[in-house]
Amino acid sequence: MVTIGTWNLDNLFRPGEGSGPDSSTEYEKKLDSLAETITNLGPDVLAVQEVGDPAALEDLAGRLQGTWRTALADPDGRGIRVGFLSQSALTKVEQIADFSEGLSPVQINDKGETIEQMGRPALKVRVRKDGAMFDFVSVHLNVNGH
């Protein structure tokens with residue numbers, strides 16, 4: 001059995017960066033709260049959204065019990081990413097930005113403008129647990145930001 005989850009980390013930046021907290025105290029409080037929630041949920045794999053600074057995700061992983069691995073997609077125009085925290089190794093890590101073949105362009109406004117690619121790349125990973133392989137995708141859709 002594999003326990004999975006997803007969590008929007010709400011602009012996880014270190015203090016003074018991007019949309020991050022203004023102080024170290026706020027940042028530490030946020031990390032403690034997130035670590036407690038993740039520990040209580042007990043996932044094997046957690047898809048995460050709104051990671052601003054890769055180092056901030058590493059800070060969070062360091063607060064969790066055991067060994068946690070991380071993987072992140074490239075940032076969008078705001079500097080945020082999707083990714084994973086996992087107790088198992090993450091393999092076949094693949095960033096996805098283009099819509100699948102055969103999918104029509106997506107209309108993004110009332111003017112009829114369309115896009116053919118996600119403005120914020122998704123991330124696909126493979127995890128092996130108890131002899132079985134599982135593929136997971138983390139995505140954070142935002143039509144307004146393309």
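The serine 138 side chain comes to 3.1 Å from the backbone oxygen of valine 48. This is a predicted model, in which local features need pLDDT of at least 70, side-chain atom pairs count only at pLDDT 80 or more, and totals for chains, interfaces and linings use all residues. Residues are numbered from 1 along each chain as its sequence is written, and side-chain values use heavy atoms, with hydrogens and water left out.

Serine 138 belongs to strand β9 (residues 132–138); strands (E, at least two residues) and helices (H or I, at least four) are DSSP runs numbered from the N terminus. A polar contact (a pair of N or O atoms within 3.5 Å; within protein, one must be able to donate a hydrogen and the other to accept it, and residues adjacent in sequence count only if both atoms are side-chain atoms) also links the side chains of serine 138 and glutamine 49, at 3.4 Å. Beyond four places in sequence, residues in contact with serine 138 (heavy atoms within 4.5 Å) include Ala47, Val82, Phe84 and Leu123.

The table lists relative accessible areas; buried means under 20%, exposed over 50% and partly exposed in between (1.4 Å probe, protein chains only).

| Residue | Relative accessible area | Class |
|---|---|---|
| Phenylalanine 134 | 30% | partly exposed |
| Phenylalanine 136 | 13% | buried |
| Serine 138 | 1% | buried |

Strand β2 is largely enclosed by the rest of the structure, because seven of its seven residues are buried. Strands pair if DSSP finds at least two bridges between them. β1 and β2 run parallel and are joined by six bridges, with leucine 12 opposite valine 51 of β2. Six bridges also join β2 to strand β4 (residues 81–86), in antiparallel fashion, and here valine 51 stands opposite arginine 81.

A nonpolar core is a set of buried Ala, Val, Leu, Ile, Met, Phe, Trp, Tyr and Cys residues joined through side-chain atoms within 4.5 Å. The largest has 17 residues, of which Leu9, Leu12, Ile38, Val48, Leu57, Leu60 and Leu85 touch the most other members. At least two residues come from each of β1 (4–12), α1 (24–41), β2 (45–51) and α2 (54–63), and α1 gives the largest share, five residues. A second, separate core of eleven residues includes Ala47, Val82, Phe84 and Val127. In soluble globular proteins, nonpolar side chains tend to be buried together.
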